[in-house]
Amino acid sequence: MIIWSKLIRLTHWSIAIALILNLFFLEEGEIYHEYVGYTAAAFVAFRLIYGFISKDVAAFVNFPISIASLTEFIRSKVNFEKKDYAGHNPAASIVYILIWFCVLSLALTGWMMGLDQFFGEEWLQELHEYISWFTQFLIVAHLIGMALDSYSFKRKSWLAMFNGKKP
């Protein structure tokens, strides 16, 4: 059963590649760094719009992000219970929303650094850097979560972003 459409997978990988390029390969302040950052923000904006208008598992109405669902998720993990979700689990939902927020915040602070009003402002450069570090932390949390899900359920969870199928 396909749970992640080609559109969702394309968006996921476009954001992931943009983050990898800007975090590890492209030089800060260079034009390509800016273009890639704005492109990532555009893909996040598209994903947010899609999340509000879609009817599939990627719709935000299907994200279990309440305190009750997160508490239940943590309780199930502490008790070694296997509670599966059709799409994202509560922790993953929060991590993805935070990553998207960070990408948009990086684009905003990056744009602001190019304005005459904020040019050379150290606080803004530091904020941009802190958001970048937090984004890296969230990416690591995402990868650890995928590994734990794969291990816990004895499946290749990571494969879903390639073929769209949740094993």
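**Salt bridges in a predicted model**

User: How many salt bridges does the structure hold?

Analyst: There are five salt bridges in it. Keep in mind that this is a predicted model.

User: OK, what does Glu-72 pair with in a salt bridge?

Analyst: Its side chain meets that of Arg-75, at 2.6 Å from N to O.

User: And where do Glu-72 and Arg-75 sit in helix H3?

Analyst: They're three residues apart in H3 (residues 67–78), so about one helical turn separates them. Glu-72 is partly exposed at 27% relative accessible area, and Arg-75 is partly exposed too, at 34%.

User: Switching topic: which residue forms a salt bridge with Arg-155?

Analyst: That's Asp-84, with the closest N and O atoms 2.7 Å apart. This pair links distant parts of the chain, 71 residues apart: Arg-155 is in the loop between helix H5 (122–153) and helix H6 (160–163), and Asp-84 is in the loop between H3 and helix H4 (90–113).

User: Is Arg-155 buried or exposed?

Analyst: Buried, because its relative accessibility is 11% and the cut-off for buried is under 20%. Asp-84 is partly exposed, at 41%.

User: What about Lys-166 and Asp-84, how do their side chains meet?

Analyst: In a salt bridge, 3.5 Å from N to O. Lys-166 lies in the segment after H6, so its pairing with Asp-84 ties together parts 82 residues apart in sequence. Lys-166 is partly exposed, with 24% relative accessible area.

User: Which residues do salt bridges with shared partners join into one network?

Analyst: Asp-84, Asp-149, Arg-155 and Lys-166.

Note on methods: Residues are numbered from 1 along each chain as its sequence is written. This is a predicted model: local features need pLDDT of at least 70, side-chain atom pairs count only at pLDDT 80 or more; totals for chains, interfaces and linings use all residues. Side-chain values use heavy atoms; hydrogens and water are left out. A salt bridge is a side-chain nitrogen of Lys or Arg within 4 Å of a carboxyl oxygen of Asp or Glu. Helices (H or I, at least four residues) and strands (E, at least two) are DSSP runs, numbered from the N terminus. Buried means under 20% relative accessible area, exposed over 50%, partly exposed in between (1.4 Å probe, protein chains only).
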